[in-house]
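Subject: Structure handover

Hello,

Here is the structure for your files. My notes follow below it.

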Amino acid sequence: MKQYAIRDTVRTPVQCQCSCFADGGVIGGSVWDLSATGWRSTLDQPVSIGLEKSVLMTLQDGDGCHPVFIDSAIVRWSEGRHAGWEITRIDDSTQARLTAFMAQR
């Protein structure tokens with residue numbers, strides 16, 4: 001049975017692209033909802049719970065595309081190609097940009 005945990009922050013619905021840098025390759029996918037601490041995605045291939053990697057996300061709004069580099073995120077749950085990620089390391093300026101993006105939603 002899948003274990004659930006109460007989330008500290010609400011996720012904002014989005015639709016943007018992401019790329020996870022894993023084992024010398026890149027796994028592409030789409031982000032469906034986002035919070036200051038993580039996101040839910042659908043990827044090109046399944047990933048394992050516990051995978052911790054750098055992720056490049058491309059946020060889109062009326063002003064265009066904004067690349068956001070997450071230094072480190074870990075997969076907290078995974079079902080097939082769907083996964084929930086938790087941000088484990090992000091610099092302050094990137095965190096501020098991510099927060100500002102979500103506030104506009």
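Glutamate 86 is partly exposed, at 32% relative accessible area. Partly exposed is the range between buried (under 20% relative accessible area) and exposed (over 50%), with a 1.4 Å probe and protein chains only.

Before the rest, the ground rules. This is a predicted model, in which local features need pLDDT of at least 70 and side-chain atom pairs count only at pLDDT 80 or more, while totals for chains, interfaces and linings use all residues. Residues are numbered from 1 along each chain as its sequence is written, and side-chain values use heavy atoms, with hydrogens and water left out.

Salt bridges

The count comes to two salt bridges. The rule asks for a side-chain nitrogen of Lys or Arg within 4 Å of a carboxyl oxygen of Asp or Glu.

Glutamate 86 pairs with arginine 76 in one of them, at 2.5 Å from N to O. Arginine 76 sits in strand β5 and glutamate 86 in strand β6, so the bridge ties together parts ten residues apart in sequence. Strands here are DSSP runs of E, at least two residues; helices are runs of H or I, at least four; both are numbered from the N terminus. Arginine 76 is partly exposed, with 48% relative accessible area.

Aspartate 33 and arginine 40 form a salt bridge too, at 3.0 Å from N to O. Aspartate 33 counts as buried, because its relative accessibility is 14%. Arginine 40 is partly exposed at 30%.

Serine 41

Serine 41 lies in strand β3, residues 38–43. Its relative accessibility is 0%, so it counts as buried. Its side chain makes a polar contact of 3.1 Å with that of tryptophan 85. A polar contact is a pair of N or O atoms within 3.5 Å; within protein, one must be able to donate a hydrogen and the other to accept it, and residues adjacent in sequence count only if both atoms are side-chain atoms.

Core

The largest nonpolar core holds 25 residues. Such a core is a set of buried Ala, Val, Leu, Ile, Met, Phe, Trp, Tyr and Cys residues joined through side-chain atoms within 4.5 Å. Leu34, Trp39, Val55, Met57, Leu59, Ile70 and Trp85 touch the most other members. Elements that each supply at least two residues include β4 (52–61) and α1 (92–103). Strand β1 gives the most, with five.

Beyond four places in sequence, methionine 57 has contacts (heavy atoms within 4.5 Å) that include Cys16, Val31, Trp39 and Pro67.

Best wishes
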